[in-house]
Structures are given as C-alpha cells and as structure tokens.
Amino acid sequence: MTVVEEIKDRVDIAELIGESLQLKKSGKNFTGFCPFHANTRTPAFVVFPDTGTWRCFGACNEGGDVYKYVMKKEGWDFPQALQNLAERAGVELRPRTPEQEEQEEAQVGLRGLLESAVTFYRNNLLHSDQVLGYLQGRGFSSEALESFGVGYAPDSWDALQAFLLEKGHKHEQLVEAGLIAKRENGGFYDRFRNRIMFPIRDARGRMAGFGARISDPKDQPKFINSPQTVLFDKGRLLFGLDGARKAIRAADQAVVVEGYFDVIALHQAGHGNAVSPMGTALTSHQLRSLKRYSRNIVLALDADAAGNQATLRGLNVAREALDREPDPVFDARGLVRHEGRLDAEIRIVGLPEGKDPDEVALEDPEAWTDLLRKASPVVEYVMDLLIGPSDSQDAKQKAAIARQVLPLIEDVADPVEREAYRQGLARRLKVDERAMMGWRPKRTTRTQASAPDLQQVDSMATEGFCLGLLLRDPELTYWIDRQLHALELEGLSSQDFIGTDSQVIFKAVQSSLGQVDEEPTERWKALLDGTALDQAIAFASKAEEVDFARPKVADAVSADFFRLRMRRVEGLLEQLSFQQQAVQELETVEQEMISLAKKAQNLVTQKRRLDVALAGRK
Ligand SMILES: [Zn+2]
C-alpha cells in the first residue's frame, strides 16, 4: 500500500466531511447539501464510505476521494492536502529529499558489492575441485553454471569479508547487503559458508541477493537465502527470470519449478522459460511479473510436493515458508484466487515419482515437453489427486473430498468454469450435484469483507499500470483517446482515475503534452514533486517492460484503459441509482428525477459500448 492509500484508508471520510457539513445517514451512505454550489432544496451531495468517495449530483457534478474534498474545500494543492491528512491520520510522510537520491545511490553501491561477491564465489568455485566435480557429476555444463553465475562460498567465517574489505567496502555495507552478520559479542562473520551459491537477480538482471544450497549433505538447513534487504525481497523475485524472459515470450508459457538446479538444468536442455521461487508459495507479485511475459503459467511440482500430504496442507493454509527448508511452491487455493484476479491461466503437473525436473530434462529434453502437455488446471489437478483412480470411496470419504474441493471451486472467478467443475466433481464422486450444494461452504463474513478489498486492490493496480504506460510514453494518451472516440466516448480525463494522487499525475502527463520546450517524459518529472513524483517514477518503471511490438499487447493495453472507464461509468451508475432512490423518498420535484434518469441513460449507453469493445478484446 502506498502512503497515499494508507492515509486514505485511515481517514474516515464521513467523519471528516461531517465536521464541516451536516450529513444524514441514508442506508450505507450519507447525504447532505453540497458545500460547493448553492444547494438548498434537495441534498445533492452524497458520501459513500464503502468506496471512500463523495459526489455532488447537482450543479457541480463532481466527486472524488478525501484528498479531492479537502483540496476543494480548503483550496489546497495535492501536497498540502497530503500533508494535512497525513497528520490527521498519524502517518509520517517521508519528504522527498536529497536523502532519497542518496538511497538510490546506496542501492547502486549495494548491487556493485553483490556483484563483487558473485565474482568471489565464482572464482572460488573454479578452484574447488570437489564441488565442481559434484556439479559436473550432476550433469551441469560449465557454460550453464557460468551463465547463472553459480559459485561456491568457502568453508570459512571471514574469507568473503576479508576479500571485500580489502576492496575498500565497509562492514555496514556488507551487513546491509546481507553478506555478513554481526556477532552478539562483537565482530562479524560470513553468512554463507561451505555452500553452493546462486545469484538472485531481478527481472532486469540487477543483483538482489543469493540463494545458497548445502554442499555437504550433513549440513543443515539445506537451503538458505539472503535475509530481507532493501534489494532482496524473496516474495517478489524469481530465480532465473532475467534470463528466461525472452524464452517465456517465445513459448508463450512460463514454467515454475522448485529448485535452482532445476532451472539451470532446464535452461541447459533448451527450456529457457523456467524460473523458480525461493522456497515460498508463489505470491501474486511473482505471478504478476511472470504474467508480463505470458499469461500461461505451468507449475511443475516435485513428486513429494505434489503428493497428497503437501497438497492437503496447501489447501488449507497459505504458508509463508520458513527458511529452514524449501517449501512446496504449491498453495492450490492461493493459486486459484490469483488466477482469477490476474487473468492468468495456471496449470499444474506432477513429476514422475523419484525424479526432479533436472533429471527429466537432462535425460531427455523431449520427455520434458511431453510432461508439460499433461499439465491440468489447478482444480482438476486437486480433484485427480484426492479422488484418484479408485472409485471405492464410502460416503464419509466422499463428503470429506467434497469439503476439500468445494471451497477451491468457489474461488474460481469464471462462473461457467465454476459450474463445470461442480458438475465434474459430482460426476466423479458419483453423487447428485444438488446434494453437493448442501456441502457448499457458507461464505463467512470475513471472506465477504475481503472480497471487495481484493477487487479494489486490483483495480488500483490497473490504475497504476495505465498511469505507468502514460508516464513512460505520454503520447500514448492520443492513441487511447482515438480508441475512446471511436466508441463515441469522451477522451481520457483525470476523472478516469480514482485516487487524487493518480489524478495529479495524470494532469502532469496531460500538461507535458501541451508544450514543446521539453521532452514530455522530462516535463512531467519537473511538474511533480514529493510523494506524487515518487509514485509516478514507481509506476513508470513498472511499465518499462511492456512491449508494444508484441501481438495483442496493444489490445490488452486499450482493454485496461477501457476497464478504467468502465469502472468510472459503473461507479457513477451505482452512485446515481442511490441518489435516484434518495430523491424518490423525498418525493421531490419531477424535474430532478428526469435529470437523474437522463444521466443514467447516458451512462448505460457508455457502458454498453465499453462492454462490446472489451468483449472484442478478450
Ligand atoms: Zn455541488
């Protein structure tokens, strides 16, 4: 959550507006007389606490979030509004200062430091015959090991630090990079000792940290990672992604395996689209970064992870893996939810008993391709696993299976797919589908409360993504406008964005286009400052990898902008219907009803056009 969102989250919008305006509760919402235009007959101003927004249905015809309200009310600009609301919410704003630039510089320094460590471990491996022999014995080629920068940390408490200190680095930097740790009684020690080292890089190939695997089978734990650092966040990184991007695009498929060795072996065998998480269940961040290159994601699970026990555990809990051992990358329920939200297609395949992907791939590259073809959707995979080939389940067993699988099916986003799975389950359990309805888990209030949250998060992600594209290439605005005009809709406006911060950023993009003195991409940087600038830079860097040259990318991008507009139109319609009801209850003049109905009609028309356009882009 950004600081802007955090503040918004903490400020009770009804309470804040209620301090300067008399509000009346009306259902879930509040109504009052608009403070921004002469409004005395019918209350035209509505506050919607659910969405944290307000709107005037009268002369202003305006609305927004809590920032927009105080900006309008107090005549503040966005930074002022942010400052004031931050104080109210008790959130500390970090001022954008030379500090931040310093931070960025420090990060560059840390990455350089990590690169030196890569070199150190790498050289050390080349001089460790035993470890090298072990790796070659497993079938890894020198080229593959080199391209992944695989190294070896010597069995020493201070070899790495001696090397790096010699080069002029400081202890604190080494600690910050996660390479050494402080002893309780003073002094420092190398974090990685007698381990095979795997450099972990971000999608752009910049060093972030290390994964380390034992080289002596007696050592424990089998795997350790860099600790969480400013660069290393294991829930966001995927091993091998920097080298896999091209291949994922080319194959239009990303393959997730469990181990570093699996990734290297697969790349070596010509399957360059494989990546691996670092011993955690796949996070939505990781899936999202894969989805940038392909929406088809296959999880290839080791037999033990694929086996019953792990699956059943995975069904119930989204596990945050300990660093102790590599945890299965399988959390069926989480995957199904991510799939719907990210519009990705996730499939699973279990590996033959007793084999790792690296064995399968190095023995016979063709066998790997065949195996992937057998991957099935998450729900089907779980059903197969639980029901198995036998059909001798008794009634209790059947009930137990249904209780496990039904919650998973409930999480499937597509209603048609959901129904098909329900029927499939009933058929396979040989029970009447209607009987199964009784087993359907009651949605708890908690999931009800969290569902819109997820939607909200996702729609804010679309907002950030669209802004990122515009920031990267402001002239894209013209192209989007043409698409909207073709649907007889008005061009993009700041109203298409919900967050006031987003609106501020969008306006900067717009003004960057209305001048010729500077490159638009330089111009918006000059127009923004503080939090808004940070945000804009973050959005822009996320959009960096979108490649318009790819087929369907343009369609997908325009679809995202249409979704933004759809969200706005649907939001307005919903608010309008509330106001229509409220006005009806007041039995007020007909004219007002007509005016609201006209507005609604207009919105419905817009919605229909967008529906058609989006259907064409599926
Ligand atoms: Zn008004």
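In the chain, residues 24 or more positions apart account for 66% of the contacts with a separation of 6 or more, a contact being a pair of heavy atoms within 4.5 Å. The model is predicted, so that local features need pLDDT of at least 70 and side-chain atom pairs count only at pLDDT 80 or more, whereas totals for chains, interfaces and linings use all residues. Residues are numbered from 1 along each chain as its sequence is written, and side-chain values use heavy atoms, with hydrogens and water left out.

The chain holds 28 helices and 16 strands, taken as DSSP runs numbered from the N terminus (helices H or I, at least four residues; strands E, at least two). Of its 618 residues, 50% are buried, where buried means under 20% relative accessible area, exposed over 50%, and partly exposed in between, with a 1.4 Å probe and protein chains only.

A zinc ion is coordinated at 2.0 to 2.3 Å by Cys34 (SG), His37 (ND1), Cys56 (SG) and Cys60 (SG), donors being N, O and S atoms within 2.8 Å of the metal (3.2 Å for Na, K and Ca). Along the chain these donors follow the spacing C-x2-H-x18-C-x3-C, and both Cys34 and His37 are buried. The angles among the 4 donor atoms are 101 to 116°, and the site is tetrahedral, a label given to four donors if all angles lie between 85 and 135 degrees.

Five strands form an open sheet in the order 1-2-3-4-5 with antiparallel pairing, two strands being paired if DSSP finds at least two bridges between them. Strand 1 (24–26) and strand 5 (63–64) stand at the edges with a single partner strand each, so one side of each is left without a neighbour in the sheet. Strand 3 (residues 45–48) and strand 4 (residues 53–56) run antiparallel and are joined by 4 bridges, and Val46 stands opposite Arg55 in strand 4.

The peptide bond from Gln220 to Pro221 is cis, with omega near -15°, and Pro221 lies in the loop between strand 10 (207–214) and strand 11 (223–225). Asn194, in the loop between strand 8 (188–190) and strand 9 (195–201), has a positive phi near 50° although a residue other than glycine, and counts as buried at 12% relative accessibility.

Technical notes
Tetrahedral: all angles 85-135°; square planar, octahedral: opposite > 155°, others 65-115°.
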